[in-house]
Amino acid sequence: MTFSATTVLVLGLIALLVLALGVWAYSTANRLDRLHVRSDQSWQALDAALARRAVVARAVAMSEAGPVSADPRRERAAHLASLADRAERADRGDRETIENQLSAALSLVDIDHLRPQLVAELADAEARVLIARRFHNDAVRDTLALRTRRPVRILHLGGTAPLPHYFEITERATPAAATGLVVHTTRTSARVMLLDEQNRVLLLRGHDPMIPEVAFWFTVGGGVEPGENLRDAAVREIYEETGQRVDPASLRGPLWRRVAVFPFNGELIRSEELFFTLRSPGFQWRPADLTALERRTITDHRWCTADDIRALDAAGEAVYPYHLDELLIEAVTAAEDDTQHVVRSIR
C-alpha cells in the first residue's frame, strides 16, 4: 500500500503536532511540580514564622501579667497566652481566624511595660510573618495562574496535588507597627562570610551602646551607602573593618537574605542583609576606617569554626545570623566556585 505525498505530509504534520503537544505537556507538568514544591516550602516558612510569633507572644504574655489576680493586665496576658496556644494547635482551616485574633491582641500590648529586647523580638517576629506571608501568597498566585488554565485542567497536568490556598492575615503599616514602634532607620546591608584557609569565619564582637553588658557576634559588613552597589559596599566594609583590600569579582553570592528588626543606640532599625562569601588568606586584623561608634562598640574579633560558634551560643553570647554553624558549610562550598547562586532567606 502506498501513500500520496499529501497524505504523508498530513501525517507528518499530525505527528509534529502530537510531539509538540507532548513536549508542552511534559514541560508544563514539570513547571507545575516545581511551583507546587515552591508553594509547599513557602507555607512551611510561613508556618515557622507564625510559630515563632506565637512563642514570642507567650513570652510577652508572661512579661505582661500583673502581680495580682485582679490586675486587668493579668487578664489580658492570660487571653494573649491562650490565643498563642490556640494558634499553635489550630488546623489549617481555622488558622487564619485565630492568627488574626492573635494579631489584634498583640496590637493592644503596652510596650512601655516590656523589656527593650522583648520589644525587638516581637517586632522582628511580626516582620518575619509579614515577609513569609507575602512570599507564600506570591507562590500560591503563580501556581494557581498555571493550574487554572483550561488546557492544564483538561489534560489534568496538575495530577492529584491539592490546590494551594492564600493565607490572609492583617498586615501592618510597618514591620514594627504591631508593637506600636516606629522604625527609625530602614537600610540594606552587605555582609560577608570571610573565610581563612582552615574554613574558619571571621566574626566581630560588639554590643549596643545602650546595653553594654550584652555582647553578640556578627559577620563583617554594613549598610549600603547612597549610589553604591551591593558588591562595592561589601568590599568597602571589608576594608574598613579588617584593613584588607579585595577584588569585588572574588566575592561569591549573594547567597542568603536576612531581614532583621532590632534596637541599636536608642533607635529601632530594620535591616535587609544580603550575604556574600569570600576566601581570604590569613591576615592580621587591623581595621582601617571604623566610625567613632564602631570603635566604641566593636570590642573583639575571632576566627571561628562551627564548634566555636556553638560554644559561643552555649556561653550565652548570641551569634548572628542564627544557625551560623550550619551555614558555614554552605559558605565554604560556595567560596570554591563561581556559579550563580539562588538567594534564599535565613534568620
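This is a predicted model: local features need pLDDT of at least 70, side-chain atom pairs count only at pLDDT 80 or more; totals for chains, interfaces and linings use all residues.
**Entry 1. Salt bridge across the chain**

I started with the charged side chains and found that the structure holds 21 salt bridges. I looked up the one between Arg 38 and Asp 142, whose side chains meet with an N to O distance of 2.7 Å. This pair links distant parts of the chain, since Arg 38 is in helix α1 and Asp 142 is in helix α4, which covers residues 116–147. The two residues are 104 residues apart.

The class of partly exposed runs between under 20% for buried and over 50% for exposed.

**Entry 2. Salt bridge within one helix**

Next I took Glu 99, which forms a salt bridge with Arg 95. The closest N and O atoms of this pair are 2.9 Å apart. How far apart are Glu 99 and Arg 95 along helix α3? They are four residues apart in this helix (residues 92–107), so about one helical turn separates them.

I checked the accessibility of both partners. Glu 99 counts as buried because its relative accessibility is 1%. Arg 95 counts as buried too, at 6% relative accessibility.

**Entry 3. Salt bridge between a loop and a strand**

I moved on to Glu 336 and Arg 279, whose side chains meet in a salt bridge at 2.4 Å, N to O. Glu 336 lies in the loop between α9 (324–335) and β8 (344–345), and Arg 279 lies in strand β5 (residues 267–279), so the pair ties together parts that are 57 residues apart in sequence. I noted that Glu 336 is exposed, with a relative accessible area of 56%. Arg 279 counts as partly exposed, at 29% relative accessibility.

**Entry 4. A nonpolar patch**

Which residues make the nonpolar surface patch of about 510 Å²? I listed Leu 9, Leu 13, Leu 16, Leu 19 and Val 23. I followed up on Leu 13, which lies in helix α1, residues 5–64. Leu 13 is partly exposed, at a relative accessible area of 47%.

**Entry 5. A buried serine**

I looked up Ser 280 and placed it in the loop between β5 and α7 (292–297). Is Ser 280 buried or exposed? Ser 280 is buried, because its relative accessible area is 6%, and the cut-off for buried is under 20%. Setting aside neighbours within four places in sequence, I found Ser 280 in contact with Leu 194, Leu 195, Asp 196 and Glu 197.

**Entry 6. The largest pocket**

I recorded about 1100 Å³ of space in the largest pocket. The pocket is lined by 47 residues, and those closest to its centre are Arg 187, Arg 191, Phe 216, Phe 262 and Phe 264. Which strand gives the most to the lining of the largest pocket? Strand β3 (residues 211–223) does, with nine residues.

**Entry 7. Cis peptide bonds**

The bond from Gly 253 to Pro 254 is cis, with omega near 10°. Pro 254 lies in strand β4, residues 252–264. The bond from Tyr 320 to Pro 321 is cis, with omega near 0°. I placed Pro 321 in the loop between β7 (318–320) and α9.

**Entry 8. Positive phi values**

Asn 199 has a positive phi of about 65°. I found Asn 199 in the loop between β1 (185–195) and β2 (201–208), and at 31% relative accessibility Asn 199 counts as partly exposed.

The other residue I noted is His 323, with a positive phi near 60°. His 323 lies in the loop between β7 and α9, the loop in which I had placed Pro 321. His 323 counts as partly exposed, at 45% relative accessibility.

Terms used: Residues are numbered from 1 along each chain as its sequence is written. Side-chain values use heavy atoms; hydrogens and water are left out. Patches are made of residues with over 30% relative accessible area and no salt bridge: like charges are joined within 9 Å, nonpolar side chains (Val, Leu, Ile, Met, Phe, Trp, Tyr) within 5 Å. Accessible areas come from the Shrake-Rupley method with a 1.4 Å probe; for residues, only the protein chains shown count as cover. A salt bridge is a side-chain nitrogen of Lys or Arg within 4 Å of a carboxyl oxygen of Asp or Glu. Buried means under 20% relative accessible area, exposed over 50%, partly exposed in between (1.4 Å probe, protein chains only). Contact means heavy atoms within 4.5 Å. On a 1 Å grid over the protein atoms alone, a cavity is a set of points where a 1.4 Å probe fits but cannot get out, and a pocket is an open set with protein on both sides within 12 Å along at least five of seven lines; lining residues have an atom within 4 Å of a point. Grid points are joined across faces, edges and corners, and a volume is the space filled by probe spheres set on the points.
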